[in-house]
Amino acid sequence: MISFSLALLLLVAGYFIYGTAVSRIFGQDPKRVTPVHTRADGVDFVELPTWKIFLIQFLNIAGLGPIFGAIMGVMFGPAAFLWIVFGTIFAGAVHDYMSGMMSLRSNGASLPEIVGGQLGRGIKNVMRVFSLLLMILVGAVFVYNPADLMAMLTPDHLDRTFWIVVIFAYYMLATLLPIDKLIGRLYPLFGLALLFMAVGIMTMLYVNAGSMPEIWENFGNRRLDADSAPIFPMMFVSIACGAISGFHATQSPMMARCLKNERHARPVFYGAMVTEGIVALIWAAAAVTFTGGYEELQHTLGEGSPAVLVNSISRDWLGAAGGILAILGVIAAPVTSGDTALRSARLIAADFMNIPQKKIMRRLAVSVPIFILCFIVMSVPYEVLWRYFAWCNQVLSVFTLWAITVYLAKHGKTYAVTMIPAMFMTAVTVTYILYAPEGLTALTTATFGTQISYEAATGAGITAAALLGVLFMRYRRSQENAGLAGRAR
């Protein structure tokens, strides 16, 4: 438990030390008027207490990733714990904070408008379509597992289908109603359940500390299919929401529309991501400790879904009452990401079509097609949805990180804080798309009878990252030369 304790301390220290440095680099200004004061509409631009905004942001971004993703991702071995810690501090929290701040400075603009404003009109149009489709995909993905968990807790006649209908009906209400009417009232309760679960499980980790392996013990990929699922890039896509996730940047603008002062941005955006990293760390450690080791965990996951393991850990470690509360917390995580994903889809569509959202009929006009598309997507098997969501999610993080890097460079700020993560995630994502079974290698295998080799995919990923780095530095030099020429005149 020494390594787990150190990892936990590093995450907390990262918030206070690196989080403060990042907020200073961006130039957080408590005196600057926020969008909620200039565009209040009683629907999306609604001033909320900071503690509520924090819980909403935390639950928005949590989803299944820091729980199910961490449980499955820890099979990559001790490297998973390092990725959760350092990915959260230096990539994910910076990504979430900077995208939230850019939205604050852009009148609460949604992510495609933010990214397009830095990378050009063509990228903006691509991002509009890509982000909208990703939000619909998230809404569909985050129906199945909470429905499965609810079916476990309720009588047999309240089966999976029943809970899918209930959850989707809730999604519709959460998408259409003013943010303070449903989301603003339910999220604090869901947040308390999720935090209770995390604290309870962490306490039991220390009680059962003897069976928790240290990071430095047998440092290697512990998956049975390690040869076909190497740590790079597979782990960095499997553990997304617990380290860095492009989906988060679609949620930050929603909270930017409710924030009353910029001084609250660091605890809301950077702090929520660090909290999610802590949750991922706890569940990764709990999965290994509860089952008795990596081999035992592999066997357990082979016999059932992560939802079954979550149920077993919660009930065995926290008792019947605590287990139910903990399971409700785990249910709340994906539900409260699915509903705000569809709400974000409405905001993204409304922004690029320039449709004001104060009147309910206009919200319906934008939302109904989104609901129909989401319902159609739900007919696709969950396993397929999750695989494609995973890499689409990280593609979005790459676009966002490069947009933030350009923004920082334009404003004469230390752009290395996002350029380095942007290059790394570019290499990860390109490699994954070329090598993973659900990537382009499936197409080449079906067409030419051969798959893209790991070496070729990795080389292409590193080359793509280097190329974008060179293009950015050329852009940076052109900006500097233009500035010098302007001053000379």
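**Salt bridges, cysteines, a cavity and a surface patch**

Asp-180 counts as partly exposed, at 24% relative accessibility. This value, like the others here, was computed from a predicted model. The label follows because partly exposed residues fall between the buried limit of under 20% and the exposed limit of over 50%. Lys-181 is also partly exposed, with a relative accessible area of 42%. The side chains of Asp-180 and Lys-181 meet in a salt bridge, with an N to O distance of 4.0 Å. Side chains of opposite charge can pair in this way when their charged atoms come close.

How many salt bridges does the whole structure hold? A search finds eight. One of them joins Arg-346 and Asp-44, at 2.9 Å from N to O. Arg-346 lies in helix α14 (residues 306-353), whereas Asp-44 sits in the loop between α2 (35-38) and α3 (50-62), so the pair ties together parts that are 302 residues apart in sequence. Both Arg-346 and Asp-44 are buried. The two residues also belong to a network of salt bridges, in which Arg-343 is linked as well.

A further salt bridge connects Arg-257 with Asp-351, where the closest N and O atoms are 3.1 Å apart. This pair, too, links distant parts of the chain. Arg-257 is in the loop between α11 (246-256) and α12 (265-291), and Asp-351 is in helix α14, 94 residues away.

The structure holds one cavity of 30 Å³ or more. The largest cavity has a volume of about 60 Å³.

The cysteines were examined next. A search of the whole structure finds zero disulfides. A disulfide would need two cysteine sulfur atoms within 2.5 Å. Cys-241 is buried, at 4% relative accessibility. Cys-374 is buried as well, at 0%.

The surface carries a nonpolar patch. Its members are Leu-10, Leu-82, Phe-86, Phe-90 and Phe-219. Together they have about 440 Å² of accessible area. Which element supplies the largest share of the patch? Helix α5 (residues 79-104) does, with three residues. Phe-90 lies in this helix. At 37% relative accessibility, Phe-90 counts as partly exposed.

Definitions and conventions: Residues numbered from 1 in each chain as written. Predicted model: local features only at pLDDT ≥ 70, side-chain atom pairs only at ≥ 80, totals over all residues. Heavy atoms only, no water. Patch = residues over 30% accessible without salt bridge, like charges linked within 9 Å, V, L, I, M, F, W, Y side chains within 5 Å. Areas by Shrake-Rupley, 256 points an atom, 1.4 Å probe, with all protein chains shown as cover. Helix = DSSP H or I, 4+ residues; strand = E, 2+ residues; numbered from the N terminus. Buried < 20%, exposed > 50% of the residue type's maximum accessible area, 1.4 Å probe, protein only. 1 Å grid on protein atoms, 1.4 Å probe; cavity = no way out; pocket = protein on both sides within 12 Å on 5 of 7 lines; lining within 4 Å. Points joined across faces, edges and corners; volume = space filled by probe spheres on them.
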